[in-house]
Amino acid sequence: MQNWTIRKPQVASDRGIIACQHFEAAEAGAQVLRNGGNAMDAAVVAALVLSVVEPWLSGIGGGGLMLWADAQGGPVESLDFNVRAGENFTPADYPLVGGKDGDWFDWPAVKDDRNLIGYPSICIPGAIAGLSDALARHGTLSWHDALQPAIALAERGMLVDWFTSLCLAIDARGLARFDHSAALFLQDGKPLNSGTQTHRPMPAKAATLRRLAQAGARDFYEGEVAQGLVRDLQQGGSQLTAADLAGYRPIWSSAASIAYAGHDIHVVGELCGGPTMLECFSMLREKASLGDDAQAAAAYARAIRTAYEHRLKTMGHGGRGGKDCTSHLSVVDAAGNMVSLTNTLLSRFGSKVTLPTAGILMNNGMMWFDPRPGTPNAIAPNARPLANMCPTILTRDGRPVMAIGAAGGRQIFPAITQLVSYVLDRGMSLEEAFHAPRIDASTPTVTVDTAAPDGVAAAVGQHYPVRMAPNGLHPVNFSIPSAVMLDPASGRRTGMAHPVSPWTACASETVVPHD
C-alpha cells in the first residue's frame with residue numbers, strides 16, 4: 001500500500017501575485033505585472049488567456065462578475081457582466097415535461113433539455129463587454145495589447161495533457177452532438193490525448209480575437225464579429241438577435257458589504273452568491289466563538305443551510321444539480337490594488353456549442369433560470385439570472401487585504417465563507433486554510449471531507465443528514481478556490497491556489513523564500 005501526501009505551498013512576494021485556475025493564465029498575468037501593469041491589467045489578460053487554455057470552464061462566450069479595490073481606499077466597485085436573456089425569450093419556449101416540484105434545485109425538466117444544451121440554451125455573453133470596460137476604467141493596458149497573449153496561445157493551441165483528456169472525456173457525448181465542437185475537442189469521436197498531439201490550435205478563435213484587437217470590443221456586439229455571431233446563432237436555432245447583442249452593457253455599482261472580525265467583507269450585490277454569503281457572516285458574527293473544529297463545522301452548516309433556504313425560496317436559484325463550471329482568479333499588484341474576478345460558461349463546455357465562424361464555445365445561461373413561470377427567477381425577456389458566482393474582497397481600515405473567490409457552482413459561497421473564517425476567526429495562513437478540510441452545505445445533505453477531524457461529522461449530523469466525500473480532483477465536492485492576501489504592516493503578499501488540481505497556480509513578479 002502507498003500513502004500519498006499532496007501539499008501545494010502558498011507563494012509569497014513583496015510585489016504582485018496572481019492566483020488562478022491554470023498555470024499558463026497565471027504566468028501571463030504575472031508577466032503583465034512584471035511589465036508594469038496593475039492588478040486590473042493582469043486580471044483581464046489572465047481571463048482572456050483562460051478562454052483559450054481552459055475553454056470548458058470560462059471564456060468570451062460567457063459572462064462573469066468582478067470586484068475592484070483601490071490600494072488607496074475608497075468604495076470597492078463591482079462589475080456585473082453576466083449573461084442575460086434575449087428580448088424574445090419566454091417560458092413558453094421552454095416547456096416543462098418533468099414531474100418534479102422545483103424544491104431544492106430539483107426543478108422540472110424542460111423538453112429536450114432546451115435550457116441546458118444546444119442553441120436554445122445560449123444567453124447574451126457579457127465577457128468581452130465586461131473585460132474591456134474594466135480595463136478602460138481601471139487598467140493601464142490598451143485593449144489591443146491585452147488580447148495579444150490570448151491570440152498567441154490560440155494560434156499555438158490548447159495544451160493537451162492527461163488532465164485535458166479527462167476534462168474532454170467527461171463531456172465527450174455532449175460535444176459529439178455539435179460538429180464544430182467535435183472537430184475542435186474530439187478525434188474520431190474520442191477525447192484528444194497527449195499521445196496524438198501536444199497542442200490543439202484554435203485558428204477560428206485566434207481570428208476572432210485578432211479582429212477584436214483591431215476593431216475594438218464593441219465589434220463583438222455591433223460589428224463584423226457580431227454579424228457572424230448572430231448568423232451562426234440563428235442558423236442553429238437561437239432566438240438571440242442583433243439588437244440583443246447591440247443592447248448589452250455591463251453594470252458598475254458599489255459592492256455590498258458587512259463588517260466582520262475587524263474587517264469589511266465586500267461582494268457583488270443582487271443576483272449572485274454574494275448577498276447569501278453576507279447572510280452567513282451575519283449569523284456567524286452573532287457567535288462569541290466558533291469553538292473547536294466540530295463546533296465550527298456545525299456553525300458553518302447551520303449558517304449556510306439557513307441562508308441557502310432563504311436564497312432558494314425568495315430569490316430563486318440557477319442550475320440543477322450544481323454542475324456549474326467557472327474560473328476564478330485573484331490579483332494583488334505592487335501598489336496594493338486588488339481584483340477578484342469570476343468568469344463562467346455555466347456548465348462544463350457551456351451549451352456544448354462552438355460557433356462555426358467565431359470558433360468560441362457558448363454559454364448555457366438559460367440553465368440559471370427557473371423554468372417554472374411566475375417564480376422569482378423565472379425566464380423573461382431581457383432578464384438577468386441568479387448566479388452562483390461570489391467574488392469577494394476584504395478590506396481593513398478601508399484598504400484591501402484579501403481577494404478570494406472560487407469555481408464550483410452552488411459550492412462556491414459555502415467554501416469562501418469557511419476559508420475567510422479560517423483566516424479571520426482561526427488565524428490561519430492562506431496555505432493552512434486551503435489545506436484544511438471543509439464541509440459543503442449547499443444541499444440538504446451536508447458533505448463532510450473524509451479528512452475532517454474526529455467529531456466533525458457527528459456534530460454536523462446532529463442537525464442535518466451527512467455524507468462523507470474526499471476533496472479530490474473529480475468529482476469536485478468542495479469547489480476550487482484561489483486567493484491573494486496583503487499584510488499592510490510588512491507589505492508581504494501571499495497567494496494560494498486550489499491544492500488538489502494539477503493546473504491551478506500562483507505566479508508573482510518576484511518570489512521570496514516560502515515559509
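Predicted model: local features only at pLDDT ≥ 70, side-chain atom pairs only at ≥ 80, totals over all residues.
Reader: How many salt bridges does the structure hold?
Author: The structure holds 15 salt bridges. One of them pairs Arg 7 with Glu 431, with the closest N and O atoms 3.2 Å apart.

Reader: Where do Arg 7 and Glu 431 lie?
Author: Arg 7 is in the segment before β1, and Glu 431 is in helix α15, so the pair ties together parts 424 residues apart in sequence.

Reader: Is Glu 431 buried or exposed?
Author: Glu 431 is buried, at 9% relative accessible area.

Reader: What does Arg 426 form a salt bridge with?
Author: Arg 426 bridges to Asp 293, with the closest N and O atoms 2.9 Å apart. Arg 426 sits in helix α14 and Asp 293 in helix α13, so the bridge ties parts 133 residues apart in sequence. Arg 426 is partly exposed at 30%, and Asp 293 is partly exposed at 34%.

Reader: Switching to rings. How many aromatic pairs are there?
Author: The structure holds 11. Among them, Tyr 260 and Phe 281 pair edge-to-face, 4.9 Å centre to centre, with 65 degrees between the planes. Tyr 260 is in strand β10 and Phe 281 in helix α12, 21 residues apart.

Reader: Are Tyr 260 and Phe 281 buried or exposed?
Author: Tyr 260 is buried at 4% relative accessibility. Phe 281 is buried at 0%.

Reader: Which ring does Arg 137 lie over?
Author: Arg 137 lies over the face of Trp 252, 4.2 Å from the ring centre.

Terms used
Residues numbered from 1 in each chain as written. Heavy atoms only, no water. Phe/Tyr/Trp six-rings, centres within 6.5 Å; stacked < 30°, edge-to-face > 60°. Helix = DSSP H or I, 4+ residues; strand = E, 2+ residues; numbered from the N terminus. Buried < 20%, exposed > 50% of the residue type's maximum accessible area, 1.4 Å probe, protein only. Lys NZ or Arg CZ within 6 Å of the ring centre and 35° of its normal. Salt bridge = Lys/Arg side-chain N within 4 Å of Asp/Glu carboxyl O.
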